[in-house]
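User: I'd like to go through this model piece by piece. Can you take my questions one at a time?

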Amino acid sequence: QVQLVESGGGLVQPGGSLRLSCAASGSIASINSMAWYRQAPGKQRELVASITSGGISNYVDSVKGRFTISRDNARTVYLQMNSLKPEDTAVYYCKANVRIWSSLTSLTDYWGQGTQVTVSS
């Protein structure tokens, strides 16, 4: 019904930058909010940043001032990551809170498959 496809991960040196993208497609009537999560080995998945349909964004404290979440249309979200640190190494997942055409009265969370970000010298 809904697919989220992430791209942009990779290997980068400390202090470097990466830009993640997530495009949503499928039977989408509207998207309420979109977010990026990450999960490092042996750790729980954590919310990194989120953005509402109105453009209001929030960040976890550890990335404030370094990461920027943005949306250029209703179905694509980006995460610009600057000044990357080794502790940013994780699989990054995109999540969208979606209203689908077959169920207009409810919102459902959909997840992408994740993209690996490795920060290492």
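This is a predicted model: local features need pLDDT of at least 70, side-chain atom pairs count only at pLDDT 80 or more; totals for chains, interfaces and linings use all residues.

User: How many helices and strands does the protein chain have?

Analyst: Reading from the N terminus, the elements go β-β-β-β-β-β-β-β-β-β-β. The tally for the protein chain is 0 helices and 11 strands.

User: What is the radius of gyration of the protein chain, and what does the globule rule give?

Analyst: The radius is taken over C-alpha atoms, and the globule rule is 2.2 Å times the number of residues to the power 0.38. The C-alpha trace spans about 50 × 25 × 20 Å along its principal axes. The chain is as compact as a globular protein of its length, because for 121 residues the rule gives 14 Å and the radius of gyration is close to that, at 14 Å.

User: Which share of the contacts with a separation of 6 or more comes from residues 24 or more positions apart?

Analyst: Contact here means heavy atoms within 4.5 Å. Among contacts in the protein chain with a separation of 6 or more, residues 24 or more positions apart account for 57%.

User: What percentage of the 121 residues count as buried?

Analyst: Buried means under 20% relative accessible area, exposed over 50%, and partly exposed in between (1.4 Å probe, protein chains only). By that cut-off, the buried part of the 121 residues is 40%.

User: In what order do the strands of the open sheet run?

Analyst: Two strands pair if DSSP finds at least two bridges between them. In general, strands of a sheet pair through backbone hydrogen bonds, either parallel or antiparallel. Here 4 strands form the open sheet with antiparallel pairing, and the order is β1-β3-β8-β7.

User: Why is one side of β1 and of β7 left without a neighbour in the sheet?

Analyst: β1 covers 2-7 and β7 covers 67-73. One side of each has no neighbour in the sheet because both stand at the edges, each with a single partner strand.

User: Which residue in β8 is the bridge partner of serine 70?

Analyst: β7 pairs with β8 (residues 76-81) in the antiparallel sense over 6 bridges. Within β8, the bridge partner of serine 70 is tyrosine 78.

User: Is tyrosine 78 buried or exposed?

Analyst: Tyrosine 78 sits in strand β8. Leaving out residues up to four places away in sequence, tyrosine 78 touches Arg19, Leu20, Ser21, Trp36, Thr68, Ile69, Ser70 and Asp72. With a relative accessible area of 13%, tyrosine 78 is buried.

User: And serine 21, buried or exposed?

Analyst: Serine 21 belongs to strand β3. Beyond its neighbours within four places in sequence, serine 21 is in contact with Val5, Glu6, Ser7, Trp36, Val77 and Tyr78. Its relative accessible area is 19%, so serine 21 counts as buried.

User: Which cysteines does the disulfide join?

Analyst: A disulfide is a pair of cysteine sulfur atoms within 2.5 Å, and a search of the whole structure finds 1. At S to S 2.1 Å, the joined residues are cysteine 22 and cysteine 94.

User: How many residues apart are cysteine 22 and cysteine 94?

Analyst: Both cysteines are buried, and the link is left-handed, with -80° about the S-S bond. Cysteine 22 is in strand β3 (residues 18-26) and cysteine 94 is in strand β9, so the pair links distant parts of the chain, 72 residues apart.

User: Which glycine in the turn between β4 and β5 has a positive phi?

Analyst: Strands β4 (residues 28-39) and β5 (residues 46-52) run antiparallel, joined by 6 bridges, with methionine 34 opposite isoleucine 51 in β5. They form a hairpin with 6 residues between them, and the residue with a positive phi of about 80° in the turn is glycine 42.

User: What about the hairpin of β5 and β6: which glycine has a positive phi there?

Analyst: β5 is joined to the antiparallel strand β6 (residues 57-59) by 3 bridges, and in β6 the bridge partner of isoleucine 51 is serine 57. This hairpin has 4 residues between its strands, and the one in the turn with a positive phi of about 95° is glycine 55.

User: What is the phi of serine 83?

Analyst: Serine 83 lies in the loop between β8 and β9 (90-100), and at 40% relative accessibility serine 83 counts as partly exposed. Although serine 83 is not a glycine, its phi is positive, at about 50°.

Methods. Residues are numbered from 1 along each chain as its sequence is written. Side-chain values use heavy atoms; hydrogens and water are left out. Helices (H or I, at least four residues) and strands (E, at least two) are DSSP runs, numbered from the N terminus.
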